[in-house]
Amino acid sequence: MTIAPNSIEARDIAYQMHPNVNLRTYEKSGGLVIESGEGIYVTDNSGKRYIEGLAGLWSVAVGFGEKRLSEVAKAQMDKLPYYHTFAYKTHGPSIELSEMLISIAPVPMSKVHFTSSGSEANDLAAKMVWYRSNALGKPDKKKIIGRIYGYHGVTIAAGSITGLPRNHQSFDLPLDRMVHTSCPSYVHFGKDGESEADFTKRMLGDLEDLIQREGPDTIAAFWGEPVMGAGGVLVPPVGYWEGVQEILRKHDILLVVDEVICGFGRTGKMFACQTYDIKPDVLVLSKQISSSYLPLSAILMNDAFYQPIADESERIGVFGHGFTASGHPVATAVGLENLKIIQERDLVGNAAALEEKFLGRLNELAQHPVAHSSRGVGLLGALEIKPFADGKPGDAAAAVAAALQEEGVICRAVMEAVCFCPPLIITAEQIDEMFDALGHALDTVAASRA
Ligand code: PMP
């Protein structure tokens, strides 16, 4: 792309430092300027329209341009644009959303605490785990087990639980309280001739070994996404979550489930905890909680988790944590309306009904000569691309994503896969439109390598 002087792209390069890019590449290439969105589509500043095949960052459940959300935001802005939840103050939107979240939670939960991003929520949940261990008189029970390729955000504690090298390198992470167990992706780490059930046994064995090496009494919590999202849509192998929960119960280790991507219908149930029969002590939610129209995240905790923390705050005199924006009234009002839309339009049912079509089309495309395999659940899926024999890791998937963008579909390349997570409002016809374009993109990449 040639960048004209003083164009919006040139001004972007001149003044803005972007997240999650190679900054030197960005200085030369600039970024795609998105100007508007409607339904599952976004439009760039040249007027070209794209299907947002990743719902933004796995998040815009109700689609773009949903007027009910902008109207609720305006009404709340006019009535009470800001108030906090510190110092014995509260407000209606945060109360109503808390009540709604407790009523739909996949297991009995006691309290909701609001933050503004997935990273903040995981970071605070880690701090709460430590606070609680101190409250229980177990100051040595502080370690947290994350997983290789798990993603929980980028702040210091959350980034340490994340198991992706790029989020650690040169940031002096992870903290030494965070340890990582094996990544349970059978397609990537299953050995030749190893059945899926044997792979699961090996993963559970690795977890048990790690706990024994570190000392069960030093480990406070295990953190996991039901399906690992940013690591590349890594679906758990059969029996994995059942086995993990058994091990955690045996060693009195808390289970913190991060449904920042999976929550609110993505897997075809309201929560992936229901899809995989997971019973968390703490549940971390964000993204589809507000369709990311405004920054919002929530930590749901059960009573056994909450009570010692409340006792400790009484002993110290205060729960010494909070953000200016905790429970922000406009964000929580939008979150509540967004969840009402998800319920009224049965978007969870839509994800469940379209799963077969969505995964079926991906599976057909997996037969293409440049593709390797497909995987997914609900409306969350990935197509693994065969690496180029003469390329760097990830080159092939990046080439497919670039060709697909030319075709008018935005997806996300992660390692050797292209990932899809469209808005939950997508229709069967639009799934065809998206994956027909993917077929053309695969042909383009195949032709360019011939
Ligand atoms: N947890 C998971 C599972 C995520 O996918 C993400 C974001 N992709 C986060 C946490 C971090 O959320 P945020 O970017 O809002 O900090």
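The following legends describe close-up views of a predicted model.

Figure 1. The domain assignment divides the chain into domain 1 (32-62 + 346-449) and domain 2 (69-344). Taken over C-alpha atoms, the centres of domain 1 and domain 2 are separated by 27 Å. Contact between the two involves 26 residues of domain 1 and 23 residues of domain 2. On the side of domain 1 that touches domain 2, at least two residues each are supplied by helix H3 (55-58), helix H14 (347-365), strand E11 (371-377), strand E12 (380-385) and strand E15 (417-420). The most, 5 residues, is given to this side by H14. By residue class, this side of domain 1 consists of 17 nonpolar, 6 polar and 3 charged residues.

**Figure 2. The largest nonpolar core.** This core has 129 residues, and those with the most contacts inside it are Ala125, Val282, Leu300, Val400 and Val418. Helix H16 (residues 428-449) gives the most to the core, namely 8 residues. At least three residues of the core come from each of domain 1 (32-62 + 346-449) and domain 2 (69-344). Leaving aside residues up to four places away in sequence, Val400 touches Ile385, Val418, Ala441, Leu442 and Val445. In soluble globular proteins, nonpolar side chains tend to be buried together.

**Figure 3. The shell around the ligand.** There are 15 residues around the ligand, of which Ser117, Gly118, Ser119, Gly153 and Val260 come nearest. Helix H6 (residues 118-135) contributes the largest share of this shell, with 3 residues. The shell comprises 5 nonpolar, 8 polar and 2 charged residues.

**Figure 4. The two faces of helix H10.** In helix H10 (residues 240-250), the buried residues are Tyr240, Trp241, Gly243 and Val244. Seen down the axis of H10, these buried residues fall within an arc of 160 degrees, and they therefore line one face of the helix. The buried residues of H10 pack against helix H9 (196-214) and strand E7 (219-224). Exposed residues Glu246, Arg249 and Lys250 are carried on the face of H10 turned away from its buried side. After H10 comes Asp252, with a positive phi near 55 degrees.

**Figure 5. The surroundings of Tyr83.** Tyr83 is located in the loop between helix H4 (67-79) and helix H5 (92-104). Tyr83 counts as partly exposed because it has 15 C-beta neighbours inside 10 Å, a number between the limits of 12 or fewer for exposed and 20 or more for buried. Residues up to four places away in sequence not being counted, Tyr83 touches Lys89, His91 and Pro329. Thr162 is 79 residues from Tyr83 along the chain, and the C-alpha atoms of Tyr83 and Thr162 are separated by 32 Å.

**Figure 6. The surroundings of Ala105.** Ala105 lies in the loop between H5 and strand E4 (111-115). Since Ala105 has 19 C-beta neighbours inside 10 Å, Ala105 is classed as partly exposed. Ala105 touches Leu283 and Leu300, with residues up to four places away in sequence not counted; Leu300 is also among the residues with the most contacts inside the largest nonpolar core.

Conventions. Residues numbered from 1 in each chain as written. Predicted model: local features only at pLDDT ≥ 70, side-chain atom pairs only at ≥ 80, totals over all residues. Core = buried A, V, L, I, M, F, W, Y, C linked by C-beta atoms within 7 Å. Helix = DSSP H or I, 4+ residues; strand = E, 2+ residues; numbered from the N terminus. Domains from an automatic or database assignment. Contact = placed C-beta atoms within 7 Å. Near = placed C-beta within 6 Å. Nonpolar A, V, L, I, M, F, W, Y, C, P; charged D, E, K, R; others polar. Arc of directions from axis to C-beta.
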